[in-house]
Amino acid sequence: MKKIEAILRPEDLDGVRVSLQEKGLVGMTVEEVQGRGRQKGVCLQWRAGQYCIEFLPKIKVDMILEDKDVETAIAAIIKVARTGKNGDGKIFIYPVEDVVRVSTGERGKDAI
């Protein structure tokens, strides 16, 4: 099993959710986060001067998947979220040792 952690632009969330759902991948956790990378924030010009936002709003989507579904999920996310510009986000993939469903005690892939 693997954990996919995708950091995305907020406006891409609904499209990514639909794209993953079309592939049969529906379980996810979503958080509003702030961050910066190569995009390095954004500076806006106002009458009073320049205002810089160092950390931009992003969405973090976490999913636990069977190994066979990881590449499908990555392709579905990239299909929607890629613009080719800085700030499109990142996808991190981590190994998952085990999963336990609290309500039933099921473990492993049965708990996903």
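How many residues does α2 have, and how far does α2 reach from its first C-alpha to its last? Helix α2 has twelve residues and reaches 16 Å between those two atoms, close to the 16 Å expected at 1.5 Å a residue; the expected span is 1.5 Å times one less than the number of residues in the helix. Helices (H or I, at least four residues) and strands (E, at least two) are DSSP runs, numbered from the N terminus.

This is a predicted model, in which local features need pLDDT of at least 70 and side-chain atom pairs count only at pLDDT 80 or more, while totals for chains, interfaces and linings use all residues. Residues are numbered from 1 along each chain as its sequence is written, and side-chain values use heavy atoms, with hydrogens and water left out.

In α1, the buried residues are V16, S19 and L20. Viewed down the axis of α1, they fall within an arc of 95°, so they line one face of the helix. Their cover includes β1 (2–8), β5 (56–65) and α2 (70–81). After α1 comes G24, which has a positive phi, near 85°.

Attention now turns to the surface. V42, L44, W46 and Y51 form a nonpolar patch there, with about 410 Å² of accessible area together. Patches are made of residues with over 30% relative accessible area and no salt bridge; like charges are joined within 9 Å, and nonpolar side chains (Val, Leu, Ile, Met, Phe, Trp, Tyr) within 5 Å. Accessible areas come from the Shrake-Rupley method with a 1.4 Å probe, and for residues only the protein chains shown count as cover. Strand β3 (residues 42–46) gives the largest share of the nonpolar patch, three residues. L44 lies in this strand and is partly exposed, at 34% relative accessible area.

I53 belongs to strand β4 (residues 49–53). With a relative accessible area of 28%, I53 is partly exposed. I53 and V42 are eleven residues apart in sequence, yet 5.4 Å apart in space, C-alpha to C-alpha. Leaving aside neighbours within four places in sequence, I53 is in contact with G41, V42 and L44.

Charged pairs complete the picture. Side chains of opposite charge can pair when their charged atoms come close. Nine salt bridges are found in the whole structure, each a side-chain nitrogen of Lys or Arg within 4 Å of a carboxyl oxygen of Asp or Glu. One of them joins K3 and E5 (3.9 Å, N to O); K3 is partly exposed at 26%, whereas E5 is buried at 13%. Another links K68 and D69 (3.3 Å, N to O), with K68 exposed at 60% and D69 buried at 18%. R101 also forms a salt bridge with E106, their closest N and O atoms being 2.9 Å apart.

Definitions and conventions
Buried means under 20% relative accessible area, exposed over 50%, partly exposed in between (1.4 Å probe, protein chains only). The arc is that of the directions from the helix axis to the C-beta atoms. Contact means heavy atoms within 4.5 Å.
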